[in-house]
Amino acid sequence: MQIETITTNPYNDQNPGTSGLRKKVKVFQQPGYLENFVQSIFDSLEDFSGKTLVLGGDGRYFNRVAIQIIIKIAAANGFGELIIGEGGLLSTPAASNIIRKYNAFGGLILSASHNPGGPDEDFGIKYNVSNGGPAPEKYTGAFFQRSQTISSYKTAKIEDVDLDRIGSQQIGELKITIIDPVTDYAELMQSIFDFNLLKQSISSGYITLLFDAMSAITGPYAKRILVDMLGAAPSSVINAEPLENFGGHHPDPNLAHAHELAERMFSADAPTFGAASDGDGDRNMITGSNIFVTPSDSLAIMAANARLIPAYVKGLSGVARSMPTSQAVDRVAAKYNIPCYETPTGWKFFGNLLDAGKITLCGEESFGTGSDHVREKDGLWAVLFWLNLIAVKRQSVADIVHEHWQKFGRDIYCRHDYEAVETPIANSIVEHLRNQLPTLPGQSFGEYIVKYADEFSYEDPIDGSISNNQGMRIGFENGSRIVFRLSGTGTVGATLRIYIERFEADATRHDQDSQEALAELIILAEQLCEIKKRTGRTEPNVIT
Ligand code: G16
C-alpha cells in the first residue's frame with residue numbers, strides 16, 4: 001500500500017464541543033479540514049497499530065465522502081481492520097455496541113446528531129474509545145491541542161471502497177469489513193427485553209404504536225425490530241428512509257420538530273404509544289395517547305420500574321443524571337436507597353460510572369436515556385423499554401406517568417432555548433449572571449428564597465478529573481431550580497439554554513400546564529439573565 005504524507009496548515013477552530021466536532025458542511029469541505037482533525041485524533045492515540053477501528057455515520061450529506069477520506073487516513077496510520085456499516089451507516093448506539101462486541105480499539109462516528117443536514121447544514125465527527133463511549137475530555141483536549149500544530153497528514157493511495165457490499169476484503173495489511181448495521185444491535189435488544197411478550201401485546205392489538213424515524217438513521221433499525229421482529233404494522237414506522245438532508249427537517253425528537261407524530265398522538269384516534277428518535281439514533285421522545293413524557297420524567301419512571309424488564313430484574317446499582325436534568329430520578333433513587341450521581345451535560349461523563357458498575361441507568365433532559373448495555377444514549381432502547389413496561393403493567397402511558405407522580409410527586413420542568421445568539425451578547429449574559437451569583441443566596445423573589453447560587457463543577461469519582469464551569473445553578477429553599485448554560489453543540493453563534501423546575505407534591509395539581517405552573521420562575525429567569533432585554537427577542541426559539 002502506497003502511503004503519502006500531505007503537508008497541511010492547522011485550523012484554529014477544531015475544539016470538540018459537548019459531543020465531538022460539529023460544524024457546517026462547508027467548513028468540513030475546506031482543504032484538509034477533516035483530514036487534519038482525523039490525523040490529530042490518531043496522533044493523540046497510542047498503540048493502535050494492527051487494531052480495529054469502527055466507522056459509520058447517520059447518513060447525512062458528506063457522510064460517504066468523509067468515510068472514504070477516513071478509510072485512507074486510517075489505512076495509512078496502520079489500523080489492522082476497519083468495520084464499517086453498510087452504506088456508511090451506523091447509529092450512534094449501534095456503533096457503541098460494535099466497538100464493545102468486537103473489542104475494537106475505538107470508533108469514529110460521523111454525525112451532527114439532531115442538527116439539520118445538507119450542503120448548507122451541519123456535519124460532525126466524534127471519536128469513541130474502547131468501552132464504546134464518547135472520548136472523555138482528556139482525549140478531546142489532546143485532539144484540539146494537536147490540531148493547532150499539525151503540519152501533515154498521512155493517506156493511503158487506494159481505490160474508494162464499495163460501501164454497499166457486505167463482506168470482507170484485504171487491501172495490503174488492512175482488512176475492511178462491511179457489516180449489516182442493524183443485526184448486532186437487534187440481537188442486543190433481544191437480549192434485554194421480552195420480545196415474546198412484546199409480540200403478543202402488538203399482535204393482540206393491546207399496543208398500537210407509531211415511531212417517527214425523522215428521515216434519519218433509525219428507520220432501518222425500527223423497521224427491522226418493530227415491524228419484522230415484533231410484528232408491528234409497516235405503517236407504524238414513519239419517515240423511515242434515511243435521507244441526506246432528513247427531508248429538510250431538523251431530525252430532533254421533540255414536539256416542535258416531530259410534528260407529524262405529535263399531531264397523531266394528540267388526536268382522537270391516537271395510538272397507545274408514540275416515539276421519535278434523532279439524526280444518529282441516540283435520542284428519544286416518548287409520548288402516549290394525548291400525553292408527552294418529559295425526558296426527565298421518563299428517566300425517573302424507567303428507574304422506578306426497571307425490575308419489570310428482563311435485563312434489569314435484579315435491580316439497579318445506581319443512577320445518574322446530568323446536572324440540568326430534573327431531580328425526579330433523585331426521588332426514585334432515595335426511595336430505593338441506591339446512589340444517584342449528578343454529572344455535567346454530555347454523555348461522556350457517564351462512561352466511568354458505567355464502567356465501574358456504579359450505575360445501571362442514566363439520562364439527560366435533552367431526550368437521552370441509556371443503560372450499561374452500551375456507552376451511548378440509545379433511542380430505540382428507550383422505545384423498547386417503554387413498550388416492555390406498557391406490556392407488563394397493562395397500563396396506558398398516561399396512567400404510568402400519573403401513578404408515578406402520585407407516588408413520588410411531580411417535578412414540573414421545562415427548557416427554553418435561545419438559539420444563534422450573537423456570541424458577544426451571549427458572553428455578556430454569562431458574565432452578568434456570574435457577577436450576580438455571590439449576591440443571590442438569601443434573597444427572596446416572591447415565594448422563592450435563594451438557597452444557593454453557583455457554577456457547577458464536577459469531580460469524577462473514578463478518575464478524579466475535574467470539569468469546571470458546567471453551568472450556573474440557582475437553587476431555592478423549596479427545591480425549585482433555575483439553571484443557565486451555553487450549549488456545546490450549536491454551530492451558529494451561541495445557544496443559551498434556561499432550565500426551570502419546580503416540585504409539586506399535591507396530586508390535585510399534577511395536571512397543570514408546565515409553562516403556567518412555572519410562569520413565576522420563567523419571569524425570574526429573565527430578570528436574572530436579561531436575554532430578552534439584551535437581544536430584543538420576545539420568546540425562546542424552542543421550548544421543551
Ligand atoms: C449531545 C450530548 C448530550 C447533551 C446534548 C446537548 O447530544 O451527547 O449529552 O445533553 O448534546 O448538549 P448541549 O446542551 O451542550 O447542546 P447529541 O444527541 O446532540 O449528541
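The centres of domain 1 and domain 2, taken over C-alpha atoms, are separated by 28 Å. This is a predicted model, in which local features need pLDDT of at least 70 and side-chain atom pairs pLDDT 80 or more, while totals for chains, interfaces and linings use all residues. Residues are numbered from 1 along each chain as its sequence is written, and side-chain values use heavy atoms, without hydrogens and water.

The domain bounds come from an automatic or database domain assignment.

| Domain | Residues |
|---|---|
| domain 1 | 3-181 |
| domain 2 | 185-408 |
| domain 3 | 410-543 |

In the interface, 36 residues of domain 1 contact 35 residues of domain 2 (heavy atoms within 4.5 Å). About 2600 Å² is buried between domain 1 and domain 2, with carbon and sulfur atoms giving 54%; buried area is the accessible area (1.4 Å probe) that two parts lose on being put together, summed over both. The interface of domain 1 and domain 2 holds 3 salt bridges (a side-chain nitrogen of Lys or Arg within 4 Å of a carboxyl oxygen of Asp or Glu). K101 forms a salt bridge with E187, and their closest N and O atoms are 3.2 Å apart.

An open sheet with mixed pairing has 5 strands in the order β11-β10-β12-β13-β14. Strands are DSSP runs of E, at least two residues, and helices are runs of H or I, at least four, numbered from the N terminus; two strands pair if DSSP finds at least two bridges between them. The edge strands are β11 (237-238) and β14 (291-293), each pairing on one side only. Strands β10 (residues 209-212) and β12 (residues 273-276) run parallel, joined by 4 bridges, and L209 stands opposite F273 in β12.
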